[in-house]
Every structure is written in structure tokens, then in C-alpha cells.
Amino acid sequence: SSENAVIDPGSLLMQQLDVSRQGKAQNFERDLEGGRILRVRANPIPGGGVITLYTDITERKAFEKRLIDMATRDELTGLINRREFFTLATHEEERAKREGHVVSVMMVDADYFKKINDTYGHAVGDNVLRDLADNCRKIFRKTDVVGRYGGEEFSVMLPGAQEDMAKIIAERLRTSVAESIVHTDKGDVNYTISIGIACATGKDVRIEELLDRADRALYTAKAQGRNRAIFDTAA
């Protein structure tokens, strides 16, 4: 139990009155100042009244969150992993088909990444990927689904983003990365990215097909000299 727990007395009173009125025990959770979390169990007493028990579950909640992060997050970048990306992107695909809205998808790849690893070492390469992930967090919206697809490749799903908006966002990311500097013992590292973009609406939204189209556009960007964003026009 938590001896110094302080929770909203008004909220607790309403819960206790509800327990007393229904005559049934209830379990609920309360967030405290300082990040502590309590589990509260309110038990009715025959003849009236309520006994309330408190259990501090802060560490348990933190452990549960770590387990979830291990299953859904990429350890290096902190972005969601490929499996979680497909889970969330599939939900957005279903919503787009149901509501008829537009979705854009991007494939983002760090240019000459093997050369960076060979020149500076894999630790610096890891820092470059972390920097790319930080730029993604800075540029993309909270509603966008951003994940590490594999290696130096990142995948993004932008619900509600038309072609023009997707191009603008892609250019913001490209510019932000081009201006980034990764500091190392062997000197500063500047790097660039190439981006492929694809778009679909309503029933035409199929995540795997969109990723394939974006990937084709990405290879076109690479072939045209890298450090650019290309939109795939194939329907």
C-alpha cells in the first residue's frame, strides 16, 4: 500500500458513493502527482459504508510498458518496429476504405549508408539512424504512422494527406536531414535521404501495394542522384 498517497477526494467520494449504492466492490486506478499510480479497491460494508484499499502499482505498470515497448518498438531508434507498423497501418487502411479518405505512404532511405558504416564504423551508422528517427519525430504529425522498416529504411503512413501535402512534408524531412550534423570522433557527418511517395483513396488504399509503389519511387530517386523525393504516379 502507499501510505502518503494523495488522490482527488471528490472523485474518490463519488466512487465510494457508487459502490455503497450498488453494493458491489469496484476496482479502479488513479494517477498521482509525481508519476505514481494506485490501484483502488472499494468494498461495501453490510449496513452501509465502504472500506477502501490502496495498492501502489507504479513499478508493475512500468514493467508492463517495458514489455510492450520491447514487442512494438525498434530498440535502436525508438520508433515502432516493422511488425507494429503493419498493425497500425492496417487499421488506417480499414478506416480509409470505410470512410473514403486519402492516405499517403513514404519509404525513406539513408543515402550511401554502407559508405558511412565503412568509413566511420557501425556505431556512427547507428547514430545516423537515430538522428534520422529524431528528424522524423520532428517533422511528422502525431497522427502519422512512422516506423523503422529495416536496416536504414523507414516507412511512413500519412492518413488524410493528399499528394501535394505529402510532397511538402517529404521535402521538409529531406531538408531537415540535409541540414543535420552527426558529430563523431572522426569528424562531423552530413548525410542525405531519398524518399519515395505513393497515394491512394478509399477502397484503393492497400498498404502493401502502396509500399511497393513508394519503394519503386524510392529507387527512382536513387537513380536520379539521391537526396530527393519522388512521387509514384502509377495507379
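Mentor: Ground rule before that: two strands pair if DSSP finds at least two bridges between them. Helices (H or I, at least four residues) and strands (E, at least two) are DSSP runs, numbered from the N terminus.

Trainee: And what should I know about the model itself?

Mentor: This is a predicted model: local features need pLDDT of at least 70, side-chain atom pairs count only at pLDDT 80 or more, and totals for chains, interfaces and linings use all residues. Residues are numbered from 1 along each chain as its sequence is written, and side-chain values use heavy atoms, with hydrogens and water left out.

Trainee: What holds strands together in general?

Mentor: Backbone hydrogen bonds, in either a parallel or an antiparallel arrangement.

Trainee: Next, E7. How many of its residues are buried?

Mentor: 8 of 9, in strand E7 (residues 193-201). Buried means under 20% relative accessible area, exposed over 50%, partly exposed in between (1.4 Å probe, protein chains only).

Trainee: Which strands does E7 join?

Mentor: Strand E4 (residues 102-110) runs antiparallel to E7, with 9 bridges. Val102 has Thr201 in E7 as its bridge partner. Strand E8 (residues 229-231) runs parallel to E7, with 3 bridges. There, Gly196 stands opposite Ile230 in E8.

Trainee: Where does Gly187 lie?

Mentor: In the loop between helix H6 (163-178) and E7. Gly187 has a relative accessible area of 25%, so it counts as partly exposed.

Trainee: Switching to rings. How many aromatic pairs are there?

Mentor: The structure holds 2. Phe85 and Phe86 are edge-to-face, because their ring planes stand at 85°, with the centres 5.9 Å apart. Phe86 and Tyr149 are tilted, because their planes stand at 45°, with the centres 6.2 Å apart. The second pair links distant parts of the chain: Phe86 is in helix H3 (residues 82-99) and Tyr149 in strand E5 (residues 145-150), 63 residues apart.

Trainee: What are the cut-offs for a ring pair?

Mentor: Rings of Phe, Tyr and Trp (its six-membered ring) pair if their centres lie within 6.5 Å. Planes under 30 degrees apart count as stacked, over 60 as edge-to-face and the rest as tilted.

Trainee: Is Tyr149 buried or exposed?

Mentor: Buried, at 17% relative accessible area. Phe85 is buried too, at 0%.

Trainee: Which charged residue lies over the face of Tyr149?

Mentor: Arg82, at 4.1 Å from the ring centre. The rule is NZ of Lys or CZ of Arg within 6 Å of the ring centre and within 35 degrees of the ring normal. Lys167 likewise has its charged end over the ring of Phe231, 5.3 Å from the centre.

Trainee: Last one. Which residues of H3 are buried?

Mentor: Glu84, Phe85, Ala89, Glu92, Glu93 and Ala96. After H3 comes Gly100, with a positive phi near 75°.
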